[in-house]
Amino acid sequence: MAQITIDGETYEVGDGLTILEALDQLGVLMNEVELPHYCWHPKLSVDGSCRLCQVEIEGVPKLQIACNTPVRDGMVIHTKSERVEQARRGVMELLLLNHPLDCPICDQAGECKLQDYAFDYGVKHARTDLPRRPAKKGFELGPTIVFDQERCILCRRCVRFCREVSQTGELGVFQRGERSLLETFPGAELDNPYSMNVADICPVGALTTKDFRFKVRVWFLDDVPSICNQCGRGCNINASRSNNRVYRFVPRRNDAVNQTWICDHGRMSYKGLTEGRCTEARVGSRRVNYDEAVSTAGDRLRSAIDAKRPIVVVASPFASNEDLFVLQRLIGDLGCEPGTFAIERGDSDALLIRADKCPNAEGARALGFLESDAAVGEAAIALVLGRVAPERLVNVETQVQLVSHEADISVSADVVLPVRSHAEYLGSFTNFERRAQRFSPFLEPCFEAWSFGDALTEIARAAKVLGWEQPFDVIRVSRELAQAVPAFAGLDLESLPAEGAPLR
Amino acid sequence: MQTEPYTKLYLSEHYGNEAFRTLAGYEAAGGFQGLRAALARDPEEVTELVKSSGLRGRGGAGFNAGLKWSFMPKGDERMKVLVCNGDESEPGSFKDRMIMQQGPFQILEGLLIAAWATGARRSYIYIRGEYQYPIQCVRKAVAEMYDKGYLGRDVFGEPGFEHDIVVHSGAGAYICGEETGLLESLEGKKGQPRKKPPFPAQHGAFGLPTTVNNIETFAHVPYILSRGVEWFRGFGTEKSPGTTLFGVSGHVERPGLFELPLGTPLREVIAKAGGVRNNRALKAVIPGGMSMPVLTPSDLDVPMAEEFLSERGTHLGTGGVMVMDDTTCMARVACVISYFFRDESCGQCTQCREGTGWIHKLCERIEAGRGRPRDLELLESVPALMEGHTICAFADAAAWPIKGLLRHFRSDFECHISEGSCPFPESFEL
Ligand SMILES: Cc1cc2nc3c(=O)[nH]c(=O)nc-3n(C[C@H](O)[C@H](O)[C@H](O)COP(=O)(O)O)c2cc1C
Ligand code: SF4
Ligand code: SF4
Ligand code: FES
């Protein structure tokens with residue numbers, strides 16, 4: 001350990017870190033310690049070129065860049081001295097020299113580090129009236145990204161991302177000196193499964209996604225922490241929403257799961273949250289209101305119980321831990337066969353994308369569900385969560401299906417109950433490394449739909465199953481889960497930290 | 001082309017003699033005695049000796065060569081590398097070319113001595129791509145060494161002393177002369193200086209421990225070993241021993257190279273070059289290559305050694321002395337200098353990329369008579385934004401000469417602004 005002093009505050013930091021790394025690990029960077037920086041990014045190699053992060057170190061004659069200077073025990077650092085501020089103002093002035101200052105038509109406005117830092121540390125008046133360097137405006141670098149060359153400050157974050165993270169290397173800085181321009185290599189397009197991350201890391205409005213560009217000013221958006229449900233990784237995201245509409249997903253940093261990235265597929269999955277939803281309850285081919293569908297399902301379940309006929313349950317790896325806990329308890333109370341779930345598999349890679357295309361297979365396993373895509377046994381009634389292959393249910397008389405999307409409705413479903421997507425309720429998923437992670441609702445459906453756990457509870461109540469008198473309450477259920485299942489001990493929704501926690 | 005300096009001392013004694021460019025001729029003239037003397041000593045002793053000789057790097061920064069060698073890590077299993085910097089791209093410098101052409105074996109001997117001292121297994125000689133003939137000369141010398149069995153294994157009969165030398169041609173960028181820009185270029189990458197740490201001694205060429213020295217620096221080394229530290233210190237000053245090849249250019253009667261002891265007064269250097277052309281009055285002298293601030297006639301007595309020049313706000317640099325007579329328009333000089341630096345900046349660092357462009361645009365506008373009074377203030381403050389804040393010293397090199405010109409010749413610039421035209425009808429054309 002090394003002890004360093006920054007602006008009079010003393011910190012214990014790990015040896016071998018750079019000053020910026022140490023501050024980042026302490027979680028004080030840009031909070032307690034304001035140390036503006038452009039080219040440095042916690043998950044990319046050090047570039048050391050923007051020169052904005054210069055600090056004064058006692059005993060060292062020249063200012064040093066915090067992003068490439070290793071900490072030393074006893075180091076005394078100043079980030080607010082006149083010399084530092086002067087150097088910073090110099091960098092800001094020079095960066096703005098060739099910048100178009102077209103903030104009113106720039107999509108980055110509101111989350112632009114050039115705008116922010118110029119405001120906080122910059123010079124207020126331009127000292128030059130010289131023409132700016134010519135550069136291209138708004139052209140496509142590939143299928144997902146639009147580039148405004150004029151706004152680029154050449155921090156090379158995007159270049160390093162493509163070399164080091166996506167490992168596709170489409171971008172480079174061409175020419176040299178003040179003629180330097182960021183471009184794709186001749187004949188190459190910026191096209192890789194992670195391409196849109198470059199828009200997040202670009203500190204200015206040079207790289208924007210075609211998808212989000214010009215949709216909404218960011219200051220109208222608020223961010224709700226959630227989890228991507230497109231594969232077993234469970235990348236942490238923020239859903240940016242306004243007026244009950246979601247405009248984008250952006251990665252939320254979690255060093256144990258997705259670093260600061262998400263894949264393009266996951267990012268675009270917000271579209272599926274509102275498209276093709278199952279909006280109406282059904283009994284047979286008849287549209288009914290929700291209560292009627294619930295009571296029909298409850299009646300059929302009651303008849304099966306009374307007739308002592310077999311009942312089966314098909315779980316879903318898209319349901320939350322809490323949903324699945326409720327389901328598992330119902331299985332116990334009904335005394336039916338263990339529930340099963342099936343996983344759809346697809347492409348995977350070494351970075352984030354997992355082959356299992358569902359968010360909670362590990363949660364289902366941890367709660368005692370068995371993975372299977374075999375046909376279920378003969379049964380009077382099947383309670384089915386989510387999409388199911390029709391062949392699995394050939395031996396079932398009555399099929400009650402809880403689905404969020406039209407396309408998931410099985411042709412043989414007798415009762416259909418619309419359920420909420422994970423965007424619309426509170427819960428947790430367990431990712432492929434058995435890490436429980438909480439997601440929060442950021443949309444409210446404009447039709448009647450309940451969460452899996454809620455709908456299941458209401459069906460059990462309608463069927464008058466003993467012990468199912470109380471309505472569903474996710475917080476209470478999560479506490480019960482934490483008490484009942486040792487793997488989830490201490491991991492109820494209120495105790496689960498923002499970055500999630502491994503199952504016990 | 002000059003085949004020998006106009007004045008010669010030990011380094012260039014045999015320059016111009018065709019035989020000296022062959023291995024046999026070099027040996028006949030006493031070549032490799034320095035290496036033999038080195039091999040008779042412990043490597044550490046050789047490093048100490050070079051350190052105590054006070055030999056300073058001739059590539060511009062003037063760092064003690066032996067001290068630099070001592071930074072090479074000891075007890076490190078990795079292969080160690082020497083790099084000989086033959087990029088010679090500082091405008092006003094043309095000494096390394098002469099050495100490569102006339103004394104290529106001096107360089108190779110110096111490299112072998114350094115290899116013995118530092119434990120380096122391989123040397124790269126990086127030569128600027130425009131230097132096709134020097135490249136040929138050095139390649140030929142290396143080939144002769146291999147033919148004779150002087151390179152490869154058991155060098156000079158010293159069991160276990162292995163050394164290979166690779167000659168690498170650059171592709172023409174000033175910044176590839178900066179040692180880490182050179183290393184990137186050598187590795188086949190875009191020539192952009194590296195941030196430090198890590199320093200080359202820890203992580204240099206191809207990630208290996210590396211020492212970079214200038215061509216001339218290596219060429220002096222054999223004499224220190226063969227003739228001794230005392231003898232070497234007999235030339236030059238206390239803090240800057242030895243000779244150097246001053247390259248005098250510009251408005252003199254006899255431009256060219258002159259081997260003179262360091263510390264020779266500027267006046268004498270110019271006199272050797274025949275004085276200012278056409279008996280005109282001297283206006284300014286750049287003492288060490290274009291990136292160094294100018295001196296004025298009042299500085300003529302300054303001894304040409306770093307310790308004296310730095311007192312006058314400038315540096316010895318590469319010893320490229322550029323003489324300007326009274327016809328010269330300093331606003332034009334600023335224009336030429338700023339054009340060069342704007343063009344050659346690698347463009348990584350904000351201050352250098354943007355500052356060099358800004359300075360040049362200002363200089364251009366002032367020179368063309370379109371400057372505004374405020375432009376002079378800017379021309380003073382923009383270099384201050386750049387200096388000391390960047391990855392490499394290029395930004396300093398771009399800032400210093402402009403600062404120097406403004407300090408000494410502000411009125412030239414003011415004239416352009418107030419008159420709207422150039423007051424020097426006979427000045428060189430842009
Ligand atoms: C912009 C720039 C250009 C340089 N160009 C050269 C060059 O062309 N040749 C050279 O030997 N050193 C050059 N140098 C100095 C080298 O970085 C390095 O200090 C030198 O090669 C070390 O050798 P020395 O210690 O023997 O002088 C340059 C430095 C800078 C900052
Ligand atoms: S496009 Fe953005 S991220 Fe890429 S170099 Fe330019 S400013 Fe940096
Ligand atoms: S100072 Fe200039 S030349 Fe040196 S690394 Fe920075 S931008 Fe490149
Ligand atoms: S953040 Fe340190 S130089 Fe850019």
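1. Contact between the chains. In this predicted model, the contact draws 36 residues from chain A and 35 residues from chain B. Together the two chains bury about 3,000 Å². Carbon and sulfur atoms carry 48% of that area. On the chain A side, the residues that lose the most area to chain B are A:Leu94, A:Arg127 and A:Arg176. Together they make up 23% of what that side buries.

2. Salt bridges. There are 8 salt bridges between chain A and chain B. One of the pairs to inspect is A:Glu178 with B:Lys361. Their closest N and O atoms are 3.9 Å apart. The cut-off for a salt bridge is 4 Å, so this pair, at 3.9 Å, falls within it.

3. Polar contacts. The rule finds 25 residue pairs in polar contact across the interface of chain A and chain B, both residues at pLDDT 80 or more.

4. Elements on the chain A side. Two or more residues come from each of helix H2 (82-97) and strand S8 (171-174) of chain A. H2(A) gives the most to the side that touches chain B, with 7 residues. By class, that side of chain A has 15 nonpolar, 10 polar and 11 charged residues.

5. Ligand 3. Its surroundings comprise 13 residues. The closest are B:Cys346, B:Cys349, B:Cys352, B:Cys392 and B:Phe394. What classes make up the shell around ligand 3? The shell has 9 nonpolar and 4 polar residues, and no charged ones. Cys counts as nonpolar here, so the four cysteines named among the closest, B:Cys346, B:Cys349, B:Cys352 and B:Cys392, belong to the nonpolar class.

Methods
Residues are numbered from 1 along each chain as its sequence is written. Chains are lettered from A and ligands numbered from 1 in the order in which they are written. This is a predicted model: local features need pLDDT of at least 70, side-chain atom pairs count only at pLDDT 80 or more; totals for chains, interfaces and linings use all residues. Side-chain values use heavy atoms; hydrogens and water are left out. A residue is near a molecule or strand if one of its heavy atoms lies within 4 Å of it. Contact means heavy atoms within 4.5 Å. Buried area is the accessible area (1.4 Å probe) that two parts lose on being put together, summed over both. A salt bridge is a side-chain nitrogen of Lys or Arg within 4 Å of a carboxyl oxygen of Asp or Glu. A polar contact is a pair of N or O atoms within 3.5 Å; within protein, one must be able to donate a hydrogen and the other to accept it, and residues adjacent in sequence count only if both atoms are side-chain atoms. Helices (H or I, at least four residues) and strands (E, at least two) are DSSP runs, numbered from the N terminus.
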